[in-house]
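Trainee: Could you walk me through one part of this structure up close? I'd like to look at the inside of the protein and what sits around it.

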Amino acid sequence: MKDKLEAIIENIAPSVRNDFLSHKDEIGDDILFALNSSFTSAAKGNQYSKDALEFINSVIDRVWEQLNVGNWKDVPECLRDVFAYASFLKAMILLKFTLQDDEQNLRQNLIDTLEAIDRGLLLGSSNRQELCQLASALCPFICDASQKFPCENFSQLELSKRPSITVPHLKPLPSKECPSIESFLVDHFKPRRPVKLTGCIKHWPALTKWDNVRYIYEKIGPRLVPVEIGSSYTSSNWSQKLMTVDAFIKNFFFSETEERIGYLAQHQLFNQIPELLDDICEPDYCVLSENYDDPVGTDVNAWFGPSNTVSPLHYDPKHNFLAQVVGKKRVFLIDPKWSENVYPYDDFLLFNTAQVDLENIDYEKFPKFENTEIFECILEAGEMLYIPPKWWHHIRAQSVSFSVSFWWGNC
Ligand SMILES: O=C(O)CCC(=O)C(=O)O
Ligand SMILES: [Fe+2]
């Protein structure tokens, strides 16, 4: 194992160094000095590495503070690059310790190393390929092959115990079996009409693999991911925390005492762990676009959680396929022509979220909602829901659920 890890670092370290040296003008002299000297000590792997670790930690702390100032979209790219370089160097230094250290500290050192890499991937923007490669090489050494789980498959876990909510004026959403791209274009994409599609993702390996607890544990268990905690993002008890997938599953799927809901929601898991892309496939319909002159990619997000996660009524600006891989979800959809009836928040952060809560509708406060037409659909594993841009949707998981969303269409 040590030889393999050593070889990987030797192989990718020079390209990381070349990368930050080529950006030296944007990085600034003091940070460049810190990165360079950390690199030199880490490469030597001698007793100076402890100082190098402190040094690089201070760079990481400093950049982390700067990353947390203001709005995320305004953060300069170069700061995120520096965060990635520093994270890689921290991982390199920690791995050098690991390679010199005795077996006793080995696993903990590897866990700390992977945490540094994942933080680099979550907040940084450079050297993604190198960080991903190192992370996936570390994972098998951290997983415990003798780990026991309370059940083999997620779908064996008890179904939702909460009473289902009552919503008036429900209409069932139409469903189609794998239409041609042409008929999907004419009947749904152009007129922006939602539909449930069956038979389109049945070839995905994820459909059989992701229900298996051991598969998920071995593939992504040690990885650090953002988890939303609380009943929904509009509630006052809501927070976000970074934790490993393993801890997330233990605390929020298997624990009998945990009352709170945890949700790995709207996370670009496939950018962080690209090997998961082998298990899924972008739907062919995503070739459709509203503007072919200015191609933009598809945003792929993971939504993984226990029963009863709720995404409250909101809309998104792009076309969306929500593909259900494990478990089932109940979805409510409302045409944008009824937007006034759902009382969108005024707040600039929540402008795409409705004040009307479908879990508990307050008709006195929101009288116009009474006459709103609502489509309902139960999305089962193997099915895919087309949600057109600006369509309001409220989604509640009725079991453990793993979905993948594709936001696409360039509008
Ligand atoms: O599945 C969910 O909880 C929400 C999904 C969603 O809002 C989306 O894909 O845009
Ligand atoms: Fe959404």
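**The cavity and its surroundings**

Mentor: Let's start with the largest cavity, which has a volume of about 110 Å³. Keep in mind that this is a predicted model. The count here comes to 1 cavity of 30 Å³ or more. Its lining takes in 13 residues, and W303, S311, L322, H393 and I395 are the ones nearest the centre. Strands β8, β9 (319-326), β13 and β14 (401-408) each give two or more residues to that lining. Sorted by class, the lining has 6 nonpolar, 5 polar and 2 charged residues.

Now look at β8 and β13. These two strands run antiparallel and are joined by 3 bridges, and S311 stands opposite I395 in β13. Both strands belong to an open sheet of 5 strands, in the order β1-β11-β10-β13-β8, with mixed pairing. β1 (170-172) and β8 are at the edges with a single partner strand each, so one side of each has no neighbour in the sheet. From one strand to the next, the twist averages 25°.

Methods. Residues are numbered from 1 along each chain as its sequence is written. Chains are lettered from A and ligands numbered from 1 in the order in which they are written. This is a predicted model: local features need pLDDT of at least 70, side-chain atom pairs count only at pLDDT 80 or more; totals for chains, interfaces and linings use all residues. Side-chain values use heavy atoms; hydrogens and water are left out. Two strands pair if DSSP finds at least two bridges between them. Helices (H or I, at least four residues) and strands (E, at least two) are DSSP runs, numbered from the N terminus. Axes are lines fitted to C-alpha atoms, for helices over the stretch in contact, and angles run from 0 to 180 degrees between N-to-C directions. On a 1 Å grid over the protein atoms alone, a cavity is a set of points where a 1.4 Å probe fits but cannot get out, and a pocket is an open set with protein on both sides within 12 Å along at least five of seven lines; lining residues have an atom within 4 Å of a point. Grid points are joined across faces, edges and corners, and a volume is the space filled by probe spheres set on the points. Ala, Val, Leu, Ile, Met, Phe, Trp, Tyr, Cys and Pro count as nonpolar, Asp, Glu, Lys and Arg as charged, and the others, Gly among them, as polar.
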